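Please open the model in your viewer and keep the selection tool at hand. The tour below moves from one selection to the next and says what is found at each stop.

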Amino acid sequence: MNGRPFFITGVNIHYLTYGSRQEVILALDDAVALGANVVRLFLQPVIGSLDGRIPTIWDWRSEASSYDLGVNGNYLLSWDAQADKMAINDGANGIQKVDFVIAEAAKRELKLIIGFLDFWSYTGGSQQMRAWYGSSSEDEFFFSDPRPRQDYVTWVDFVVNRVNPLTGLAYRDDPTIMAWELMNEGYAKPEALRLSWTAEMSAHIKSIDPNHLVSSGHANVLERLSDLTIPTLDFGTWHGYPLYYDLSVQDFDTMIGEFCEMAALADKPVLLEEFGYARSNPDMLQAYGMWLDTLSRDPDCAGWMIWRLASRQDDGQYPVDEHDQFDIRNDGSPLWRLVQAAASRGAWRVEPSTIGSLADDDRWVRP
């Protein structure tokens, strides 16, 4: 950026597109306090039809907090039962929520990675869009049937060409947006279908927006970055949750080095854009220290984005995370301070000989 290497020290914040304005402000302020330079989000929610004739397949009416997927009537895409086609919500409870996120990120000099869609059904995603057409195929229909494929292109075109009334900039011209992602973890099957869809859609995005980087947003662990060679993808992505893949802390550290080596061989950056390790693990702090140290020391690594930053909700409280236990919050905890220190080191990207190891620093060792 500005002629200098840009090492990403980032966070994922999953509720930005439907949280309240105050929740968005607090979350972005916490990202700055952490030392993050990039925030990742994906565009959601997606619902059925407002009249109920085409059902919403997830709990859209939930009164839970934003963190717990209570969207408070906000949505970006729906099915218009009268017109029998997809409808885009350009109102205050729709794309204007995204306008606000981009404008607030710009004020804080944060960059954004924006995924056009989520694969998963937590707030609709591609699963809701295939359900519009009565399909029960979770991993093939959306990517192969011409109707949802066209819906996706229509949505991409709308987003890329939208002019943000808060900034006066079209999204395609906004430097606050660092990159577009096709989809969060788009698990199309078979693999040949995923790769062909990725190639076609990334080429389309490049054709209408030559100003921004494009990535797939895929988890890419089992596939070992198989989409990295697609010419219209500018960088690779992978999502690291070692216990999901029966990997030890050391195994995962080795994998980090392997994926960064793939980046060098492909001459493209590769970003670890999601990773998490439950705080109930007694070695959690040592694990994060080791991985973040490896990522900052290896010159072939492009950076990291932790899953996930959670800030105070409108009730004034931090959300309770007793399921995945991946949350990081601005609470002065050892985990917060460790990641904050890693962000500071990553920002300077100093020579290894001048810094100590986060993994060996006894401040991060749990009593």
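**The largest pocket**

Begin with the lining of the largest pocket, which by class has 16 nonpolar, seven polar and nine charged residues (Ala, Val, Leu, Ile, Met, Phe, Trp, Tyr, Cys and Pro count as nonpolar, Asp, Glu, Lys and Arg as charged, and the others, Gly among them, as polar). The model is predicted, so that local features need pLDDT of at least 70 and side-chain atom pairs count only at pLDDT 80 or more, while totals for chains, interfaces and linings use all residues. Residues are numbered from 1 along each chain as its sequence is written, and side-chain values use heavy atoms, with hydrogens and water left out.

This largest pocket has a volume of about 780 Å³, a volume being the space filled by probe spheres set on grid points that are joined across faces, edges and corners. To centre the view, select Trp120, Tyr122, Trp307, Arg308 and Asp324, which are the closest to the pocket centre of the 32 residues that line it. On a 1 Å grid over the protein atoms alone, a pocket is an open set with protein on both sides within 12 Å along at least five of seven lines, a cavity is a set of points where a 1.4 Å probe fits but cannot get out, and lining residues have an atom within 4 Å of a point.

The structure holds one cavity of 30 Å³ or more, and about 50 Å³ of space lies in the largest cavity. Select Phe143, Leu182, Met183, Gly186, Arg194, Trp197, Thr198, Ser216, Gly217 and His218 to show its lining, which divides into four nonpolar, five polar and one charged. H6 gives the largest share of this lining, three residues; helices (H or I, at least four residues) and strands (E, at least two) are DSSP runs, numbered from the N terminus.

Next, show helix H5 (residues 146–161) with helix H6 (residues 191–208), whose axes come within 10 Å and cross at roughly 30 degrees (axes are lines fitted to C-alpha atoms, for helices over the stretch in contact, and angles run from 0 to 180 degrees between N-to-C directions). That makes H5 roughly parallel to H6, a label for angles under 35 degrees, whereas those over 145 count as roughly antiparallel, 65 to 115 as roughly perpendicular and the rest as oblique. In H5, Arg149, Tyr152, Val153, Val156, Asp157 and Val160 meet Trp197, Glu200, Met201, His204, Ile205 and Ile208 in H6 (contact means heavy atoms within 4.5 Å). This contact has eight nonpolar, one polar and three charged residues.

Move to helix H7 (residues 249–266) and helix H8 (residues 284–297), which pack at an angle of about 15 degrees with their axes 10 Å apart. Here Val249, Gln250, Phe252, Asp253 and Ile256 in H7 meet Ala287, Met290, Trp291, Thr294 and Leu295 in H8.

Then select helix H1 (residues 21–34) and helix H2 (residues 95–107), packed at about 35 degrees with their axes 10 Å apart. Their contact is made by Arg21, Val24, Ile25 and Leu28 of H1 and Phe100, Val101, Glu104 and Ala105 of H2.

**A last stop**

Finish at Pro45, in the loop between strand S2 (38–42) and strand S3 (77–80), which a cis peptide bond with omega of about 10 degrees joins to Gln44.
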